[in-house]
Amino acid sequence: MRIQDVAALSGLSICTVSRALRQLPNVSEHARGRARDAAAKLGYKASSAASRLAGGSTGSVAIIAPTATAWFFARAVEAAEEVFADGGYDTVLISLRNRSGVQPKLFGDLAGLAQRVDGVLLLNIALGETEMAALAESGLAVASVGMHGVPWDNVGIDNAEAARAAATHLLELGHRDLAILAGSETGAPTVVTASERRRGFELALADHGLTVDPDRVIDAGSSIEGGRLAMVKLIESGRMPSAVFAGCDETAFGALMALRESGLSAPENVSIIGIDDHQMSWFLGLTTMAQPVADQGAFAATLLIDRLHRSGLPNPPFAGPPSNHLLETKLVERNSTRGR
């Protein structure tokens, strides 16, 4: 039995089940009872520190993220750290700081990293084929969030489908002149979601017999300031679209800021939708595609601990086929979109 089976039976999120079974705070007694009952019915037992790899273990795992400051990564890291701590593992947080020169240096010395940690949790890192092969052969147990086609366990969402659903929402409201504030990066990319979300946007338009106008694809990165500057560019172009898809909620926040600075607003002048369901999205009335960020971090950390425990057996850390788990996203309609 797996923790996702317990979550499905109990009707709770993976993160809540993990906290409940580990007796952590901020979980109601009702939720604890549902988690315990579901676990008992399924015969599920949470991993314990007693099953850790014996001999030669550092007792530490590394979490590698493109940046430690963005909301998505901060949420995922916090959830993963709780799971690792309960499993008896210390955590080493490594930020690539969104700088292309940091990643080659890190992955060029995996032997040194293996002396410090037993396993690695990757958060949405864009790896080259050489880096991926080196990590797979390093002897480290590996799991990831938001990656694809990797030879280790992965948890994420279908980014292309989430973006497709977001753009489809705008199209179904009657909008035909759509722009995308894309999460493109300069130089070598360190994250993998941007291209997938742009592809989903293109697919939604194609579904409605439309093509993407290159002038409506504005580089915005994944930050509030990037979104603000991208929206300013659209406003100053003199050809405002009727609706905008922002590659993430923080980009959408910047777009809303730019509208306000120009005496405009959403949805009166333009409809805006994002992806994430950031905690500020409710406050700002942003329509968005919600994704379970904490669950992704907690679930991937659980899978990594399972791999570490298996490495104490005759099988190597990567024994058994890698698993890929896609968690659900859902449309949350608020006040930033309306019909044409």
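Mentor: Strand E5 (residues 153-156) and E11 run parallel and are joined by three bridges. Within that pairing, Val155 stands opposite His325 in E11. This is a predicted model, so what follows describes the prediction.

The pairing belongs to an open sheet of six strands, ordered E2-E1-E3-E4-E5-E11 and paired in parallel. Strand E2 (90-95) and strand E11 (324-326) are at the edges; each has a single partner strand, so one side of each has no neighbour in the sheet. On average, and with direction ignored, neighbouring strands of the sheet are turned by 15° against each other.

Helix H13 (residues 293-310) lies across several members of this sheet: strand E1 (60-65), strand E3 (119-123), strand E4 (141-145), E5 and E11. Relative to E4, helix H13 runs at about 165°.

Most residues other than glycine have a negative phi, and most peptide bonds are trans. Ala266 and Pro267 are joined by a cis peptide bond, with omega about 10°. Pro267 sits in the loop between helix H11 (249-261) and strand E9 (271-276). In strand E9 itself, Asp276 has a positive phi, near 145°, though the residue is not glycine. Asp276 is buried, its relative accessible area being 5%. Asp277, in the loop between E9 and helix H12 (279-284), also has a positive phi, in this case near 65°. Asp277 counts as partly exposed because its relative accessibility is 26%.

Two packed helices are described by the angle between their axes and the distance between the axes. For helix H2 (residues 14-21) and helix H3 (residues 29-42), the axes come within 9 Å and cross at roughly 90°. H2 and H3 are therefore roughly perpendicular to each other. On the H2 side the contact involves Thr16, Arg19, Ala20 and Leu21, which meet Ala31, Arg32, Ala35, Arg36 and Ala39 in H3. By class, the residues of this contact are five nonpolar, one polar and three charged.

Definitions and conventions:
Residues are numbered from 1 along each chain as its sequence is written. This is a predicted model: local features need pLDDT of at least 70, side-chain atom pairs count only at pLDDT 80 or more; totals for chains, interfaces and linings use all residues. Side-chain values use heavy atoms; hydrogens and water are left out. Axes are lines fitted to C-alpha atoms, for helices over the stretch in contact, and angles run from 0 to 180 degrees between N-to-C directions. Helices (H or I, at least four residues) and strands (E, at least two) are DSSP runs, numbered from the N terminus. Angles under 35 degrees count as roughly parallel, over 145 as roughly antiparallel, 65 to 115 as roughly perpendicular and the rest as oblique. Contact means heavy atoms within 4.5 Å. Ala, Val, Leu, Ile, Met, Phe, Trp, Tyr, Cys and Pro count as nonpolar, Asp, Glu, Lys and Arg as charged, and the others, Gly among them, as polar. Buried means under 20% relative accessible area, exposed over 50%, partly exposed in between (1.4 Å probe, protein chains only). Two strands pair if DSSP finds at least two bridges between them.
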